[in-house]
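Here is a short note for a colleague meeting this structure for the first time. Please read the points below with the model open beside you.

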Amino acid sequence: MSMPLPADTIDQAAPGKRQAAGTQTLLRGLAAIECVATGTTDVKGIAARLDTPRSTVHRMLNSLVAEGYLHHVPYKGYLLGPKLIQLGMKALEQRPLVALARPHIEELARRTGDTVHLGVADGGEVFYLDKIPGTRGLEMRSRVGLRMPLASTGIGKAMMLGLPPSRWRELHAAVMATADGASDRPAPAPWPKYEKAMTASLRRDWVLDLEENEIGVRCVGAPVRDISNQVVAAISVASAVPYMPDERMTELGPVVRATADAISKELGWKQDERATRHP
């Protein structure tokens with residue numbers, strides 16, 4: 001016959017169990033939000049992904065809706081709620097890079113009349129941190145929070161200038177492997193031509209995107225560096241082909257690079273490091 005636990009032992013154990021249960025509930029709620037963010041928007045699908053009973057998931061989703069983290073549309077499912085949008089904007093505002101870069105990219109957008117992007121690398125992809133729309137009334141696929149391949153975007157190729165050239169082919173091959181199914185985006189140039197263009201970009205420290213990411217859109221990009229002389233971000237100026245003839249892109253290159261350098265200086269980069277900053 002087992003002996004009952006002393007009262008003080010029960011009191012000490014209970015808080016730990018409550019804490020573990022609370023942590024599990026929190027993580028499950030965050031996982032549910034991730035499911036919705038990645039396109040699983042119905043109770044059945046979310047329950048399957050979380051390996052959790054539907055009744056439990058339904059109660060959890062109701063709580064998230066009540067708190068504004070999710071929004072429910074009858075017969076369609078769940079969407080990210082207004083509180084997440086507010087938190088996302090706060091997160092962007094609190095990132096030093098976004099706050100420091102914003103005045104510079106706003107000025108660049110005003111000066112050029114074109115759309116300006118700010119992004120960072122996340123694995124083999126660009127993660128767009130900020131976007132200043134141009135004044136030409138053009139719509140393009142880019143948006144804050146979007147991820148796109150490094151090797152097929154101007155902003156991504158600008159960040160590739162901070163990588164050893166040996167990595168370029170790997171990133172190029174990754175895009176080529178998926179290009180067949182992307183009818184709205186042409187494949188990058190064949191590797192020899194692509195490598196030649198990247199080598200030229202490395203010398204001048206700015207890159208061109210000639211409709212490689214979106215048909216009808218061209219852009220000029222340049223890398224942003226920090227105090228350690230590492231490429232930590234990039235910016236680009238993008239517009240429709242009629243506004244981006246070859247001559248204008250050549251003129252914009254040094255302008256975009258100068259803005260990127262100004263942001264780099266905000267991060268502690270020194271102008272005299274230009275001669276030694278290439279990999």
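**Notes on the fold**

1. The crossing of α7 and α8 is right-handed (a crossing is right-handed if the near helix is turned clockwise from the far one by less than a right angle, and left-handed if anticlockwise). Helix α7 covers residues 165-178 and helix α8 covers residues 191-204; their axes come within 11 Å and cross at roughly 130°. The α7 helix is therefore oblique to α8 (angles under 35 degrees count as roughly parallel, over 145 as roughly antiparallel, 65 to 115 as roughly perpendicular and the rest as oblique). Axes are lines fitted to C-alpha atoms, for helices over the stretch in contact, and angles run from 0 to 180 degrees between N-to-C directions.

2. A word on the source. This is a predicted model, in which local features need pLDDT of at least 70, side-chain atom pairs count only at pLDDT 80 or more, and totals for chains, interfaces and linings use all residues. Residues are numbered from 1 along each chain as its sequence is written, and side-chain values use heavy atoms, with hydrogens and water left out. Helices (H or I, at least four residues) and strands (E, at least two) are DSSP runs, numbered from the N terminus.

3. Which residues of α7 and α8 meet? From α7 come Trp168, Arg169 and His172; from α8 come Trp191, Tyr194, Glu195, Met198, Thr199 and Leu202 (contact means heavy atoms within 4.5 Å). These contact residues of α7 and α8 divide into 5 nonpolar, 2 polar and 2 charged (Ala, Val, Leu, Ile, Met, Phe, Trp, Tyr, Cys and Pro count as nonpolar, Asp, Glu, Lys and Arg as charged, and the others, Gly among them, as polar).

4. Next, α2 and α3. Helix α2 (residues 43-50) and helix α3 (residues 54-66) have axes that come within 9 Å and cross at roughly 110°. The two, α2 and α3, are therefore roughly perpendicular to each other. Their crossing, α2 with α3, is right-handed. On the α2 side the contact is made by Val43, Lys44, Ile46, Ala47 and Leu50; on the α3 side, by Arg54, Val57, His58, Met60 and Leu61. By class, that contact of α2 with α3 has 7 nonpolar, 1 polar and 2 charged residues.

5. Now α5 and helix α9 (residues 246-266). They pack at an angle of about 155°, with the axes of α5 and α9 9 Å apart. That makes α5 roughly antiparallel to α9. The crossing of α5 and α9 is right-handed.

6. Helix α5 spans residues 96-112, and both Glu106 and Arg102 lie in it, 4 residues apart, about one turn of the helix. Their side chains, Glu106 and Arg102, meet in a salt bridge (3.1 Å, N to O). A search of the whole structure finds 9 salt bridges (a side-chain nitrogen of Lys or Arg within 4 Å of a carboxyl oxygen of Asp or Glu).

7. Turn to the strands. An open sheet of 6 strands runs in the order β5-β4-β3-β8-β7-β6, with antiparallel pairing (two strands pair if DSSP finds at least two bridges between them). Its edge strands are β5 (147-149) and β6 (207-210), each pairing on one side only. The twist averages 35° from one strand to the next.

8. Within this sheet, 5 bridges join antiparallel strands β3 (residues 115-122) and β8 (residues 231-240). Gly119 stands opposite Ala234 in β8.

9. Last, the hairpin of β1 and β2. Tyr75 takes a positive phi near 70° there, and 3 residues lie between the strands. Val73 has Gly77 in β2 as its bridge partner.
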